[in-house]
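Please read the points below with the sequence and the model open side by side. They run from the whole chain down to single residues.

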Amino acid sequence: MIPSMLRDITIFIDRLNTGTMALQAAILFSCMSLILVYTYFFRKTYPGFGLMTTAQCLWPVGLFFHYFLFMDPEISLFVGDCLMTLHGVFMYAGLTAFGGVRCRRSNTVIVVLFLLYMLSLYYFIFIQFDERIRTSIYSFSMAVIGGFIASIPYVHKTYNRYEPQFSLVVVYFLMMLAFCARGIHSVVVDDLIIQHNEFIDKCLLISIMVVGPIMLFASVAMTSCRMEGELNLAYSELQYLSQTDPLTQVANRRKFDDAYGIEWRRAARNGSVLAVAILDVDDFKHYNDTNGHQAGDVCLRRVGEVLNRCVSRAGELVARYGGEEFAIILPNLDRRAAQNVAESVRKSVEALHIPRAPFDPDHFVTVSIGVTARQVRYDECKDALFGEADKALYQAKASGKNVVCVYPCVADA
């Protein structure tokens, strides 16, 4: 059955007219090229898209020149073959630029090969015309360029890949195989080269009309995928900025309120312990007045770095609550464990050895911390736990500062 189907397909292809098929393929590619041109001029695109658009525009023009011989046949054939091959050169340069890699060496190699190809083509068309050699040169050149394009994502490790590009890779890989077969056939066959090549040309034209829409889809879809990726990244950055204190790079008050509500409800649902700590930089107003606001910003930034190092378990959160105050959420820690974390923070800040004043190098910036930890219940206000930590902080301040106080008011120097 399969041999019978292949025979019927062969008969069908033999009955097709090569010129009509070339005209249809050229019109199809021209229409698709207009879509790419519109996208390039009126929609957001990226480096390399213009080169890919130029490549798609060159192909139908070259096809017209090759099959319909608008001027002198030899000149038209030469121009058509060069334009169709130049399509691959521009497509390679466009795809590498779109992927964000610099391939000066590869681009130079391709340009040199293209110039050598033009010289060879010129010789076997204008000086010593040989249809078999001309066809072989053209076919192998297209195969080489197709192989270059298909290998782009795998040769360059830093290449930014986009899912629709796999379609282009497959198309150009198949194009490489098809033109290799055409080139080998042109070398092997001599007497019946024209008749045999006409059948192969028909098969190639059918393939072009099939893969043309795939190439259009891949070119536009890659742009859409890249744009979507950039939008997602911008959204993530915006979300991060909206939840992060710009000075200390810890969470801001908004992020703390959201996280505290989530952890409080989780602890109430699971019957687990939730610990909260409030930290205040001792005498920070005096530090600002003495050293200046820029030094105060540096001081808060360094305190934020210490907090990020000391509070790093999953689920824990450090936030700048306001001014020189920081708040810490410590899920699943009892009072003793939460006190140990707070004590580690207090000692680490003191170990920074930030002088309180330029003329007083023996006294350093310190912090006071209030801590509370217990089970919470749904029938109580979630602010009650935070209020207990605030009371412990007030007691720490009243106890001489640079201390950790655990609610109900057990101070530890």
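**Notes on the model**

1. In the protein, residues 24 or more positions apart account for 70% of the contacts with a separation of 6 or more. Contact here means heavy atoms within 4.5 Å.

2. A word on the basis of these notes. The model is predicted, so local features need pLDDT of at least 70 and side-chain atom pairs count only at pLDDT 80 or more, while totals for chains, interfaces and linings use all residues. Residues are numbered from 1 along each chain as its sequence is written, and side-chain values use heavy atoms, with hydrogens and water left out.

3. The protein has 14 helices and eight strands. These are DSSP runs numbered from the N terminus: helices are H or I with at least four residues, strands are E with at least two. The radius of gyration is 36 Å, well over the 22 Å that the globule rule gives for 413 residues, so the protein is more spread out than a compact globule. That radius is taken over C-alpha atoms, and the globule rule is 2.2 Å times the number of residues to the power 0.38. Along the principal axes, the C-alpha trace spans about 105 × 55 × 35 Å.

4. How much of the protein is buried? Of its 413 residues, 46% count as buried. The term buried means under 20% relative accessible area, exposed means over 50%, and partly exposed is in between (1.4 Å probe, protein chains only). The accessible surface comes to about 21,200 Å², and 62% of it belongs to carbon and sulfur atoms. These areas come from the Shrake-Rupley method with a 1.4 Å probe; for residues, only the protein chains shown count as cover.

5. On charge, there are 37 positive and 39 negative side chains, and the centres of the two sets lie 3 Å apart. Lys and Arg count as positive and Asp and Glu as negative, with His and the chain ends not counted. Each charge is placed at NZ of Lys, CZ of Arg, CG of Asp or CD of Glu.

6. Aspartate 282 sits in the loop between β1 (273-281) and α11 (284-291). Is this residue buried or exposed? Aspartate 282 is buried, because its relative accessible area is 1%. Beyond its neighbours within four places in sequence, aspartate 282 is in contact with Arg356, Thr366, Val367, Ser368, Lys397, Lys401 and Asn402.

7. The side chain of aspartate 282 reaches the backbone nitrogen of asparagine 402 at 3.0 Å. This is a polar contact, that is, a pair of N or O atoms within 3.5 Å; within protein, one must be able to donate a hydrogen and the other to accept it, and residues adjacent in sequence count only if both atoms are side-chain atoms. Asparagine 402 lies in the loop between α14 (383-398) and β7 and is buried, at 18% relative accessible area. Its phi is near 55°, a positive value in a residue other than glycine.

8. Asparagine 332 also has a positive phi, near 60°. Asparagine 332 is found in the loop between β3 (325-331) and α13 (335-350). With a relative accessibility of 55%, asparagine 332 counts as exposed.

9. Check the peptide bond between tyrosine 407 and proline 408: it is cis, with omega about 10°. Proline 408 belongs to the loop between β7 (404-406) and β8 (410-412).

10. Threonine 244 is in the loop between α9 and α10 (253-270). It counts as buried because its relative accessibility is 10%. Its side chain reaches the backbone oxygen of tyrosine 240 at 2.6 Å. Not counting residues up to four places away in sequence, threonine 244 touches Gln249, Val250, Ala251 and Asn252.

11. Helix α9 (residues 193-242) contains aspartate 201, which is buried at 12% relative accessible area. Setting aside neighbours within four places in sequence, its contacts are Tyr67 and Arg182. From aspartate 201 to glutamine 339, 138 residues along the chain, the C-alpha atoms are separated by 81 Å.

12. Arginine 309, in helix α12 (residues 293-310), is exposed, with a relative accessible area of 54%. Arginine 309 and valine 345 are 36 residues apart in sequence, and their C-alpha atoms are 8.9 Å apart in space.
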